[in-house]
Amino acid sequence: MPLWWYLLVAATLFGTGLFGALSRRNAVGVLMGIELMLNGANVNAVAFWRYIAVPSGAGLNGMDGQVFAIMVIALAAAEAAVGLALIISIYRNRQSVLVEDFNTMRG
């Protein structure tokens, strides 16, 4: 499979995530859009790792793309956990998960 197919899938994922993050009023939908954008970046990292030859001994023994993807997955998991905790806390206080209702962060 050529590299451009992976790049096309990654661009589609990133574009869908960007549209979802910018157009949603629901905070959970915004988080899902951000997750899609991070997964698009992961597909790019692994595709470039696979198709672009890196001389052995450079970086992490040529595993840079996979290590970067694992770091992005860990970042996405942390983002989802903190984001969902914030959304649950705000929902308990305001009974809403709409982004427009999050304009103040007072307790």
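Read along the sequence, this protein follows the pattern α-α-α. The model is a predicted one. The protein has 3 helices and 0 strands. Of its 107 residues, 24% count as buried. Among contacts between residues at least 6 apart in sequence, 58% join residues at least 24 apart.

**Helix 1 and helix 2**

- The axes of helix 1 and helix 2 come within 7 Å and cross at roughly 165 degrees.
- Angles over 145 degrees count as roughly antiparallel, and helix 1 and helix 2 are therefore roughly antiparallel to each other.
- The crossing of these two helices, helix 1 and helix 2, is left-handed.
- Sorted by class, the contact of helix 1 with helix 2 has 16 nonpolar residues, 8 polar residues and no charged residues.
- In general, two packed helices are described by the angle between their axes and the distance between the axes.

**Aromatic pairs**

- The structure holds 2 aromatic pairs.
- In one of them, the rings of Trp 4 and Trp 5 have centres 5.8 Å apart and planes at 90 degrees, so this pair is edge-to-face.
- Trp 4 counts as exposed, because its relative accessibility is 54%.
- Trp 5 has a relative accessibility of 40% and therefore counts as partly exposed.
- The rings of Tyr 6 and Tyr 51 also pair: their centres lie 5.9 Å apart and their planes stand at 45 degrees, so the pair is tilted.
- This pair links distant parts of the chain, with Tyr 6 in helix 1 (residues 3-23) and Tyr 51 in helix 2 (residues 27-51), 45 residues apart.
- Tyr 6, at 30% relative accessibility, counts as partly exposed.
- Tyr 51 counts as partly exposed, with 36% relative accessibility.
- As a general point, a pair of aromatic rings is described by the distance of the centres and the angle of the planes.

- Asn 42 lies in helix 2.
- The relative accessible area of Asn 42 is 9%, so this residue is buried; the cut-off for buried is under 20%.
- Leaving aside neighbours within four places in sequence, Asn 42 is in contact with Ala 69, Val 72 and Ile 73.

**The segment after helix 3**

- Gln 95 is placed in the segment after helix 3 (64-94).
- Gln 95 has a positive phi of about 60 degrees although it is not a glycine.
- For comparison, most residues other than glycine have a negative phi.
- With a relative accessible area of 54%, Gln 95 is exposed.
- Val 97 is also placed in the segment after helix 3.
- The relative accessible area of Val 97 is 22%, so Val 97 is partly exposed.
- Val 97 and Val 28 are 69 residues apart in sequence, while their C-alpha atoms are 7.6 Å apart in space.
- Not counting residues up to four places away in sequence, Val 97 touches Arg 25, Asn 26, Ala 27, Ile 87, Tyr 91 and Phe 102.

Technical notes: Residues are numbered from 1 along each chain as its sequence is written. This is a predicted model: local features need pLDDT of at least 70, side-chain atom pairs count only at pLDDT 80 or more; totals for chains, interfaces and linings use all residues. Side-chain values use heavy atoms; hydrogens and water are left out. Rings of Phe, Tyr and Trp (its six-membered ring) pair if their centres lie within 6.5 Å; planes under 30 degrees apart count as stacked, over 60 as edge-to-face and the rest as tilted. Buried means under 20% relative accessible area, exposed over 50%, partly exposed in between (1.4 Å probe, protein chains only). Helices (H or I, at least four residues) and strands (E, at least two) are DSSP runs, numbered from the N terminus. Axes are lines fitted to C-alpha atoms, for helices over the stretch in contact, and angles run from 0 to 180 degrees between N-to-C directions. Angles under 35 degrees count as roughly parallel, over 145 as roughly antiparallel, 65 to 115 as roughly perpendicular and the rest as oblique. A crossing is left-handed if the near helix is turned anticlockwise from the far one by less than a right angle, and right-handed if clockwise. Ala, Val, Leu, Ile, Met, Phe, Trp, Tyr, Cys and Pro count as nonpolar, Asp, Glu, Lys and Arg as charged, and the others, Gly among them, as polar. Contact means heavy atoms within 4.5 Å.
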